[in-house]
Amino acid sequence: AQERYASLRELPAVGTCGTQIALHMNAGLMADLPSLPSSGAEGVGLFRTELQFLIRSQMPKRSELSALYSRVIGAAHGKRVAFRTLDIGSDKVLPYMKANDEPNPAMGWRAIRVGLDKPGILRMQLQALIRAANGGPLAVMFPFITLHSEFRAAKAELDKVLAREVKLGNPLPSKFEVGAMLETPSLAYAPAAFFKEVDFISVGGNDLKQFFYAADRENELVRRRYDTLNGSFLSFLKTVVERCNAAGTPVSFCGEDAGRPLEALVLSAIGFRSLSMRPASVGPVKHLLRQVDIVAAGQAVSAALDAGEQDIREMINAWLVEHH
Ligand code: PEP
Ligand code: MG
């Protein structure tokens with residue numbers, strides 16, 4: 001299937017209207033990096049760091065992590081990699097950390113909540129990332145930020161780490177982007193100051209959708225019940241894009257939906273200019289985007305939303321038949 005899209009590899013995802021969408025890939029293992037050139041992705045929009053912690057029987061050492069992150073950065077050959085700090089808890093429990101018996105782990109002690117309660121682990125990981133960057137550019141994002149105050153607290157931990165590196169005489173990143181993942185509806189309503197303070201926002205569509213619809217992403221009984229391309233969710237996502245645009249803050253979407261061509265088209269139509277997906281999805285998404293007038297699709301989606309239409313999947317399918 002990858003071969004089918006090989007001719008698109010070097011071409012941008014630009015619609016017939018000239019609107020360009022940056023397509024990035026998700027990764028979580030060193031073994032994923034070879035897909036970066038072959039997929040046609042511009043960079044790694046989400047590097048999940050949990051796996052390195054999950055496959056070990058004890059807490060990895062800072063030097064081991066640093067060596068690994070440095071290999072990841074090297075394998076990206078200058079392309080941007082957005083490292084997400086540890087998102088454990090929920091369904092991913094570390095074998096060497098005391099497991100809490102939580103009734104609702106997805107809404108429990110996970111991700112940045114663990115990071116802020118056990119800042120030693122967060123600081124160790126940040127230090128490993130800074131050392132791996134070795135004076136080059138670095139992009140880091142904190143998972144599951146729910147309030148502005150949590151982002152501030154995470155940044156305060158980062159500031160401590162930076163001060164320590166300066167003291168040790170280690171080089172700081174030449175350009176350091178610090179972002180937040182927007183995965184809970186509450187963060188969409190954070191004060192404008194949050195959107196100005198953050199260097200970039202990455203929408204974690206998988207978690208955001210489960211909390212928007214109150215439908216467990218792991219539960220087969222409800223997981224397919226609510227559509228990403230429903231007017232309610234899309235109106236909400238539009239608000240997120242508008243708030244980021246108003247603050248001049250780059251925003252990207254990195255849930256599984258970004259890798260489905262129709263979903264990717266609608267996300268682009270409502271204003272996302274950056275999507276991150278599994279490597280094999282980059283070709284098919286690019287293939288569709290290059291055939292469509294994204295501005296016109298955006299006008300059609302907006303008109304449908306204004307008219308109160310809910311089934312945007314049906315609407316955009318019909319629109320594509322007519323305008324293709
Ligand atoms: C998400 O929630 O959409 C996301 C990208 O993170 P994960 O799937 O790892 O929870
Ligand atoms: Mg998530």
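How many bridges join β7 to strand β8? In this predicted model, three bridges join the two strands, which run parallel. Strand β7 covers residues 200–203, and β8 covers residues 251–253. Within this pairing, Ser 202 stands opposite Ser 252. Strand β7 also pairs with strand β6, residues 176–182. That pairing is parallel too and has four bridges. Here Gly 179 stands opposite Phe 200 of β7.

The overall fold can now be described. The protein contains 14 helices and nine strands. Its radius of gyration is 20 Å, close to the 20 Å that the globule rule gives for 324 residues, so the protein is as compact as a globular protein of that length. Along the principal axes, the C-alpha atoms fill a box of roughly 60 × 45 × 35 Å. Buried residues account for 40% of the 324 residues. Among contacts between residues at least 6 apart in sequence, 71% join residues at least 24 apart.

In soluble globular proteins, nonpolar side chains tend to be buried together. The largest nonpolar core in this model has 83 residues. Leu 129, Ala 180, Val 266, Leu 275 and Val 301 touch the most other members of that core. Leaving aside residues up to four places away in sequence, Val 266 touches Leu 229, Leu 234, Val 301, Ile 312 and Ile 316.

Strand β4 spans residues 81–84, and both of its faces are covered. In a regular strand the side chains alternate between the two faces of the sheet. On one side of β4 are Val 81 and Phe 83, and on the other are Ala 82 and Arg 84. These four residues are all buried. Strand β4 pairs with strand β3, residues 44–48, in the parallel sense over three bridges. Phe 47 has Phe 83 of β4 as its bridge partner. Three bridges also join β4 to strand β5, residues 138–145, and these strands run parallel. In that pairing, Arg 84 stands opposite Met 141 of β5.

Helix α5 comprises residues 119–133. From first C-alpha to last, its 15 residues reach 21 Å, close to the 21 Å expected at 1.5 Å a residue. Its buried residues include Leu 122, Gln 125, Leu 126 and Leu 129. The run from Gln 127 to Ala 133 is buried as well. Cover for the buried residues of α5 includes α3, β4, α4, β5 and α6. After the helix comes Asn 134, with a positive phi near 50°.

Most residues other than glycine have a negative phi. Phe 144, in strand β5, has a positive phi of about 60°. Phe 144 counts as buried because 24 C-beta neighbours lie inside 10 Å, and the cut-off is 20 or more. Ala 214 lies in the loop between α9 and α10, and its phi is near 50°. Ala 214 is exposed because 8 other C-beta atoms lie within 10 Å, and the limit for exposure is 12 or fewer.

Ligand 1 is surrounded by residues that include Leu 46, Arg 48, Asp 87, Glu 183, Asn 206 and Cys 254. Strand β3 and helix α9, residues 205–212, each give two or more residues to this shell. The largest share, three residues, comes from α9.

How values were computed: Residues numbered from 1 in each chain as written. Chains lettered and ligands numbered in written order. Predicted model: local features only at pLDDT ≥ 70, side-chain atom pairs only at ≥ 80, totals over all residues. Rg over C-alpha atoms; globule rule 2.2 N^0.38 Å. Contact = placed C-beta atoms within 7 Å. Core = buried A, V, L, I, M, F, W, Y, C linked by C-beta atoms within 7 Å. Pairing = 2+ DSSP bridges. Expected span 1.5 Å × (residues − 1). Near = placed C-beta within 6 Å.
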